[in-house]
Amino acid sequence: MSDEESKPLHELLAEASINLDASATSRDDAIRQAGAGLIAAGSVDPAYVDAMIDRENSVSTFMGEGVAIPHGTLAAKDSVKSDALSMVRFPAGVDWDGNDVRLAFGIAAKGNGHIALLSQLASILMDPEKAEALRNATTTARVYELLTPDPEDE
Amino acid sequence: MATKTVTVASSVGLHARPASLFAQAAAKVGVPVTLTSAAGKSVNAASILGVLSLGIGHGEEVTLSAEGDGAEAALDSLADVLNTDLDKE
């Protein structure tokens, strides 16, 4: 594991940063909505959202399982005030450079915090049943339940 | 079984951009490649989620392994990817 411990995912995801019934006209619209969730949490400056789109233009953050994890460039670290996660669910899907995205997790992290954060998120999404349950989640309570690590997996 | 141990050169570790480029490269080498962290956890190297789940930071060692025709060449090309600071490009 990395040298810096990250907080558990469910502690990084504020209830105000979750939108379970969104629609987006484009990939960039979806990224801006994920960015708005980070701004709502007081985690990033608005400039960070532009960096999220820059990053996406450089390399797609589509991860498979209908999930994308947009986040800023290294140069935008100064726009990050605290580590945070946002979650936007698109029940009708978004065309993400040809991939069908149902969930976008916006990610902001200071220093090396992103490594542990991404590792935690990827570990959950690697389980196809959990990924499907997250894509279908309609309550924040269900989201928190799914993002809380199973003690038996530790 | 061919194996190769490599130190991750990316200054930010093996996360989104480097992890994507690495997994894309692993998907193209023609043989299934396994990526194992220093902590001993193994994943399919072609899975972005798998690679990310290992949480590998800059300077950490990882082991690549593959079997079959072209395994050595596949590992050599993927080791080159890991030896490059992908975030600098």
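1. In this predicted model, 22 residues of chain A are in contact with 17 residues of chain B, where contact means that the C-beta atoms of two residues, placed from the backbone, lie within 7 Å. On the side of chain A that touches chain B, the elements giving two or more residues are strand S2 (62-64) and helix H4 (113-125) of chain A, and H4(A) gives the most, with eight residues. By class, this side of chain A has eleven nonpolar, ten polar and one charged residues; Ala, Val, Leu, Ile, Met, Phe, Trp, Tyr, Cys and Pro count as nonpolar, Asp, Glu, Lys and Arg as charged, and the others, Gly among them, as polar.

2. A remark on conventions: residues are numbered from 1 along each chain as its sequence is written, and chains are lettered from A and ligands numbered from 1 in the order in which they are written. The model is predicted, so that local features need pLDDT of at least 70 and side-chain atom pairs count only at pLDDT 80 or more, while totals for chains, interfaces and linings use all residues. Helices (H or I, at least four residues) and strands (E, at least two) are DSSP runs, numbered from the N terminus.

3. Chain A holds an open sheet of five strands in the order S1-S4-S5-S3-S2, with mixed pairing; two strands pair if DSSP finds at least two bridges between them. Strand S1 (13-19) and S2 of chain A are at the edges, and each has a single partner strand, so one side of each is left without a neighbour in the sheet. S2(A) runs antiparallel to S3(A), the two being joined by two bridges, and Phe62(A) has Ala68(A) in S3(A) as its bridge partner.

4. Two loop residues of chain A deserve a look at their backbone angles. Glu65(A), in the loop between S2 and strand S3 (67-68) of chain A, has a phi near 60 degrees, a positive value in a residue other than glycine. Asp97(A), in the loop between strand S4 (84-96) and strand S5 (99-108) of chain A, has a phi near 50 degrees, again positive in a residue other than glycine. Glu65(A) is buried, with 20 other C-beta atoms within 10 Å, whereas Asp97(A) is exposed, with 11 other C-beta atoms within 10 Å. A residue is buried if 20 or more other C-beta atoms lie within 10 Å of its own, exposed if 12 or fewer, and partly exposed in between, with C-beta atoms placed from the backbone.

5. Two packed helices are described by the angle between their axes and the distance between the axes. In chain A, the axes of helix H2 (residues 27-40) and helix H3 (residues 47-58) come within 9 Å and cross at roughly 140 degrees, which makes H2(A) oblique to H3(A). Axes are lines fitted to C-alpha atoms, for helices over the stretch in contact, and angles run from 0 to 180 degrees between N-to-C directions; angles under 35 degrees count as roughly parallel, over 145 as roughly antiparallel, 65 to 115 as roughly perpendicular and the rest as oblique. Residues of H2(A) in this contact include Ile31(A) and Leu38(A), and those of H3(A) include Val49(A) and Met52(A). The residues of the contact divide into six nonpolar, one polar and four charged. H2(A) also lies across S1, S4 and S5 of chain A, running at about 160 degrees to S4(A).

6. Chain B has an open sheet of four strands in the order S1-S4-S2-S3, with antiparallel pairing. Its edge strands are S1 and strand S3 (42-44) of chain B, each of which pairs on one side only, and neighbouring strands of this sheet are turned by 25 degrees against each other on average, direction ignored. Helix H3 (residues 71-83) of chain B lies across S1, S2 and S4 of chain B, at about 5 degrees to S1(B).

7. S4(B) is joined to the antiparallel strand S1 (residues 2-7) of chain B by six bridges, and pairs in the antiparallel sense with strand S2 (residues 33-37) of chain B over five bridges. Thr63(B) in S4(B) stands opposite Thr5(B) and also opposite Thr36(B), while Leu64(B) in S4(B) stands opposite Leu35(B).
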